[in-house]
Amino acid sequence: MTDVSVAAEWQLDEDIALSFDRTIDRRMVHRAAVSEVFITDVRPLGDRRVALAAQLPTCHRYFNDHLGSESAVDPLLMMEVCRQAGLATAYELGVSTGVVLITEDWDLRVAVPGTWRGDDPVIGLRVDSEFTWTRVRRGRPRSGTCQQRVFVKGQQIATLQASSLFLAYEELDLLRTAQRGDPPPWTADLVDQRDPELVAPYTVGRRDRLNVVLAGLAHTAGEVSARVALPLANRALFDHSYDHVTMQILTEAARQLTLAAVTASGRAIADWHLTRLAGRFMRFAELDSTVTVRATPPAPDDSSLDMSVVIEQDGNVVAEVELTMTRILAQS
């Protein structure tokens, strides 16, 4: 079982007043659609610590589209809540809203299904979030580490640790152009054409074809691999225009590759639940060149599966994602 235990000093006091009545400004979490904002309140707790409230969507085309338990909460939804909470925390602590956070690495752990359920009509989360600045220049944070604990009704159900760089938008534009040698394309300028070798949704635990991000799946010499296929028409994954393949899509690709390995082994996807995600990002994944994912599945195990997925582009490793799947048999 993934450890999501917490030290007493991290326990978020239930007496802290947090509102679930309305979402915060969408610009504080870098969303275009208000419906994609899950943070509902932000309250300072100290110089570097913030309490946040979040409400999970009850019906979402991407986060609620899974084979298996309808009441299970998608860990990638938890990752998105934590991403939004990290941005809101940084801005609450005085980081300029003209600055973006570039994630370098993160480690998310969630409680196994059965520890808590997602079938409550309205799920309110409370997040204890703290930033430690790791580099400051001229009084401005340039990088930092964020630690978060997520609670439901006083019970901790997730932890996250992530490290980020802080770049102003103009700095990011200069960096992207310098790395490529020319300005990058944007998703808004691309034509949505689904790959003819798109993986069947049930193979990767999906019902909706629009949520599939793998194509050209291959099993060779003990390795499983695929191309990353961008569903540009999916407004949940492409809330606004991007100049790179996002962390969310790369992580989803790693999960889908893992589930494809589970399917190939003859095991039932519905019994396997993601309980840990850890990733490192070394460079931006570009939109105008093929991105591939590959992994060597370990020997079959009846209780857990650890998978290390390598994400590559043009012969370079752009990211690595480690996943832990825990087997929980459905109750009959």
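User: Buried means under 20% relative accessible area, exposed means over 50%, and partly exposed is in between (1.4 Å probe, protein chains only). With that in hand, is Ala54 buried or exposed?

Analyst: Ala54 counts as buried, because its relative accessibility is 0%. Before we go on, this is a predicted model, in which local features need pLDDT of at least 70 and side-chain atom pairs count only at pLDDT 80 or more, while totals for chains, interfaces and linings use all residues. Residues are numbered from 1 along each chain as its sequence is written, and side-chain values use heavy atoms, leaving out hydrogens and water.

User: Thanks! Where does Ala54 sit, and what does it touch?

Analyst: Ala54 is part of strand 2. Helices (H or I, at least four residues) and strands (E, at least two) are DSSP runs, numbered from the N terminus. Leaving out residues up to four places away in sequence, Ala54 touches Phe20, Phe38, Ile39, Thr40, Val81, Ile123, Gly124 and Leu125; a contact here means heavy atoms within 4.5 Å.

User: Zooming out, how many helices and strands does the protein have?

Analyst: Three helices and twelve strands.

User: And what about the overall dimensions?

Analyst: The C-alpha trace spans about 55 × 55 × 30 Å along its principal axes. The radius of gyration is 19 Å, which agrees with the value near 20 Å that a compact globule of 332 residues would have. That radius is taken over C-alpha atoms, and the globule rule is 2.2 Å times the number of residues to the power 0.38.

User: How much of the protein is buried?

Analyst: 52% of the 332 residues count as buried. The accessible surface comes to about 15100 Å², and carbon and sulfur atoms hold 49% of that. Those areas come from the Shrake-Rupley method with a 1.4 Å probe; for residues, only the protein chains shown count as cover.

User: Changing topic: how far apart are the mean positions of the positive and negative charges?

Analyst: They lie 2 Å apart, for 34 positive and 45 negative charges. Lys and Arg count as positive and Asp and Glu as negative, while His and the chain ends are not counted. The place of a charge is NZ of Lys, CZ of Arg, CG of Asp or CD of Glu.

User: Which parts of the model have the lowest and highest confidence?

Analyst: The mean pLDDT (the predictor's confidence in each residue, from 0 to 100) is 90 for the protein, and 90% of the residues reach 70 or more. For helices and strands, helix 2 (residues 169-180) is lowest at a mean of 93, and strand 10 (residues 291-295) is highest at 98. Over residues 5-10, pLDDT stays under 50, and the model has eleven contacts for them beyond four places in sequence. Where pLDDT is low, the predicted coordinates should not be read in detail.

User: Which loop holds Pro201, and what are its contacts?

Analyst: Pro201 is in the loop between helix 2 and strand 7 and counts as buried at 18% relative accessibility. Setting aside neighbours within four places, Pro201 contacts Arg206, Arg207, Asp208, Arg209 and Val212.
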